Amino acid sequence: MSKFRGILIRLRGFLGVFYPMIFAAKYLAGKRTVMISVIAAGILASITRLLIPVYIGDAVTAIESMSYSGVLHVSMLIIIVSSITGGLQFIVSYGSQYISQRFELSMRDSVFHHLMRKRFRFFETQTSGDLLSRTTMDIHAIRNFLNMLFSQMLPTIFLIVFALYFLLTINPYFALIFLFSVPLLIYAGMAFQRKQRSRWRRIRTYYGQMNERLQENIVGNRVVRGFSAEDLEIGRFSDTTESYYDEYIGVARLRGFYNNLMPLIVSAAATAILIYGGYIDVISASDVGPLVAAVNIFSVISSPVSSFGRLIVFSENARAGIERVSLLSDSTDEEDVDTRDRVRPDGDLKIQDVTFSRDGRKILDSVSMVVPKGEFAAITGKTGSGKTTLTSLIPRFYDPDEGNLYIGSTEISRIPLTNLRSAVSLVPQEINLLSGTIRENIAFGNEEVGDDSVRNAARTAEISDFIESLPDAYNTQVGERGITLSGGQKQRVALARAIVSHPSVLILDDATSSVDPETELKIFRNIRKDLRDITVLLVTHRISALKFADRVWKLDEGRIIPVMDISRDLEGITSGAGISYTGVGNASDV
Amino acid sequence: MPQTYEDLEDQIIKTARGSGSFRRMVREIFQMRRDSAALVTTVIITAVAGTLYPLMLGFAVNAIIARNVFYLELFASLFFLLYLVQFFSNRIRTISSTVLAQKEIKSLRDRAFQSLQYVPEAFYSKVKTGYLISRITNDAETLSEFLTFQLPSVIAGISTVIVSISIMFYKDFNLTLYALIIIPVLMVFTISIQPRVRQNYLRTRKTIAAITGNLAENISAIRTIKAFNVEKRTEDNFRVLNDRNFRANMKASQLSSAYGASIRIIEAAGIAIVLLAGALQLIHGVTSVGILVAFVVYVQEFFDPVIQLSQLYNSYQSSLVGISRIYGIIDQPKDKEPEGSESQVEFKDSIVIKGMSFSYGEGNALENIHLTIRKGEKVAVVGHTGAGKTTLSNLLLKFYRPEDGGILIDGRDLSTISTRSYRKLMTPVLQDPFLFRGSVMENIIFVDPGITREHVLELINRFGLTDIFSSLPQGIDTNVGEMGRNLSEGQRQAVSILRAFARDPEILILDEPTSQIDPYSERLIIEALREFVKDKTLILITHRFSMIVLVDRVVVLKDGSIAEEGTFNDLMKKEGLFSSLYNIQYGDA
């Protein structure tokens, strides 16, 4: 009894082969008619395909009885029925493509939509290479299977069902012999599916690992060379490709056995029919035509059956793909960037009793501060003291554990994200320019920004002279196919991008670290002059920048402390910056 | 003007270079003698067995008609035996084809990776990371499908056709001619649609490449996209590309579906011709029913390889492109190690830069630089952003080769010195503090297992960096994440500094090593460095002056040339570029 249940459970597992179809259904809303038509055409096509062996049998009978007109008649039938099969097959194969491509289109759109809305924390836990392979390879694997399912798998199943029926009409015993082979076929399929699953999972993992190793090696190539780590890196990469290779060979061994077992089972049934049928024919001295038809039916189904094993591989791949892509196919971990109202937050920037922890470690401990509208404020603190964390709470890249932030009198969690982020511009330490022209990078998706605004922003960021010295000026390509900008130039383009649409709050998180201090001060003065009401929050260590600010805070062990006198109160942070040169070994404080 | 993805691809498909690469790969595959012999043998056995069984079927039918049970049983058993042979040979074929394919793919990947370790550094400024990754992962992967499934099945198909035509001619010459009437029709039809197939193929490749490129860029720029709230617009752009890809795919599948349907009809016509002609021959008593039955099966079997061949085209094209590109990476010219084979294990005297110039393309980044650095000397190179400071350090690190002039180490030209031995002498702290996945500790020890944990802890303490790492959840065992993202910029720099110092090199090149570290910690580092670099040679590249106390001499670069040179006091007195730079930072503001 329990054994029987075990078989049932396994059978249900086997039916999981079709799971990708159920998964895909929600991306194919409104395509039901197409799917039904394709399946219907598949059913009809398998009937008409099986009619051909029957006709060939008839032809043989006609030939045996020396009836030329009979042969002519049957030949015509073969051509007509094949033309119909051809037409149906077109519907099946084009329709399957349509369904699968449609699925890929809408799944990709949906995944991209979700991807754009994931929280910042989400991206901290993922590597970009892995996300890329989830959005491309994994969806592709599901698409491939869907196509196979409609164009090959379902037709093969219909083919087997109707083959049984046709055999039944020819001779019930033929059908019975064939019927014995079906459970064997299913068993072989099940065993194959079960045994290869874990291997495919590992193949994917190693593939991802290969991607990560490559990425790291290429991006960090200077470090690899600078420290002569080439051989080590080559060894590690080769280890990964080796594991990948081993898994593939494991799959090949399984495939070698099971994949070829299936046609063997079919041919064993065909042989049994040939011997049994032939024997009966010899004894009863009947026509050989029906037997030829029966054996021919087997040759029609044997090639689809032999590709069934491959379909199972595709299905396994698709299921692994579904598992991986599910990370991106729903709204968990998302933020709401879609709502927006007309109100643009404005006013003083207020941080009240904000506490923030990460991995159980308190980074900010009831931090409170106010930057009055229009002021130029600075935060300083030791490396790793939480300055970046604090500033990224303002555009709500992260939400505090406790406490609130306000712009004017509105709590920022009540401001639609879209409004908040258009009012607050944050320039991070790490700069990302996208491929496109400098102009496009500065205007960055905002169509209301005109050429004048772009030029003005570039002027404020002290980068206009450089841009205008380029042959194509603002139309110079940067990014993938463009010119290479130095760190300082990139930072200034990013700054121009941040100020072009006149935010109310500008956060510069060490955003001018690669710009020389002389230019930096010029930029600050420009911001003061050109963007009158803007509130600026500066994160910096530079004493010259701190001197420029209207007020200064320091972060120390998660707490914020106002700094009254930057020459005294920054002991342990900036003191030491102003070492004046009095000869080696004789430095003293300013 | 850099070539676009599409240009390159088009060119490869058009030129003979593509098929040359293909031949090269085939040669490599055949060098794996045992597996390729197994593959070829089993492919042929499978094909021959496959062509013999319709014949056995025919003989069995004839035996039935002749009422001969013994022959029926004999030929029916042979019929099954052939399938059994096919089972075993196919099994070996499946495994050996995968072994060959995967071995070749592994070797291509490994060689490409190896090549990347030794290509000139300048290569990386010309090519995008994503491009290289996708060549080595995706392109190699497309080969897998082609080598494992397509190629063996085509070889099998061709051998089937050859063997079965031979058998047919042997059995019945006239009927064979009738059976072959359909072949030219099939060929002309198949060949005539190839240009359109190719066009469709190119279109689908182009559109999918656009999608991948867009995705890669947007994923890496996600933080910027969110900060500027352009999610919607980014999404709209993506939708357009996605839609374009959909339409290209549908267009391609229209053609291939119509092709598949037409093949069925041509096949049916072939069967009908054989039946009619066979019936005529039979009436004239020239052939037997059994042979006719066998012929019908043969005609059906012709069509499988043909359909496979036509499907092969796309797969062949994409493999061709893939393989040419991977060989492109493998064949990249390397930094010539033989030329620099002399090893330099000790630095005794001086580094002399002699009339050196360098450019990245337009305009000189460095022009006619003359500079001598003696062993034990500490030199700072200062100047505005873009003055050529980092270029100078790249040349000293042998990442780039000077175009004019050269660098002499103890009187020997740098290009004759083996890169590996040279880099043991000179360790850099690079401007970009790149970290690998793994813990802080692992990043510091990096490559050199001789560095102990105690030594690292001692260094952290000596350079006053304890506080910097104290906010990390697991201290120095904290995982730094992809590209070190779990650390702040300053923490990353601290790791990068320790990584270099832990090696205790003779010559240190520091390129803005502390720009993101707070001045107090920086000062602790400087104090400790003073002792640390006592007997070392130090080259410090900076536009900040906090570390100037460490050096004996300052070189001021301006627009790629040396503008001033001298001790701190000399330069301050001179009131030139250096003193103006200095005063902005530390003068009365």
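Domain bounds come from an automatic or database domain assignment. On that basis, chain B splits into domain 1 (5-330) and domain 2 (339-586). The model is predicted: local features need pLDDT of at least 70, side-chain atom pairs count only at pLDDT 80 or more, and totals for chains, interfaces and linings use all residues. Residues are numbered from 1 along each chain as its sequence is written, while chains are lettered from A and ligands numbered from 1 in the order in which they are written.

**Domains of chain B**
- The C-alpha centres of domain 1 of chain B and domain 2 of chain B are 55 Å apart.

**The sheet in chain A**
- Strands here are DSSP runs of E with at least two residues, numbered from the N terminus.
- Two strands pair if DSSP finds at least two bridges between them.
- Chain A has an open sheet of 4 strands, ordered β2-β1-β4-β5, with antiparallel pairing.
- β2 (361-371) and β5 (410-411) of chain A are at the edges, each with a single partner strand, so one side of each has no neighbour in the sheet.
- β1(A) and β4 (residues 402-407) of chain A run antiparallel and are joined by 5 bridges.
- Gln352(A) has Asn404(A) as its bridge partner in β4(A).

**Lys350(A)**
- Lys350(A) sits in strand β1 (residues 349-358) of chain A.
- Lys350(A) counts as partly exposed because it has 18 C-beta neighbours inside 10 Å; buried takes 20 or more other C-beta atoms within 10 Å, exposed 12 or fewer, and partly exposed lies in between, with C-beta atoms placed from the backbone.
- Not counting residues up to four places away in sequence, Lys350(A) touches Val370(A), Leu405(A) and Tyr406(A); contact means C-beta atoms, placed from the backbone, within 7 Å.
- Lys350(A) and Val370(A) are 20 residues apart in sequence, yet 4.4 Å apart in space, C-alpha to C-alpha.

How values were computed
Two residues are in contact if their C-beta atoms, placed from the backbone, lie within 7 Å.
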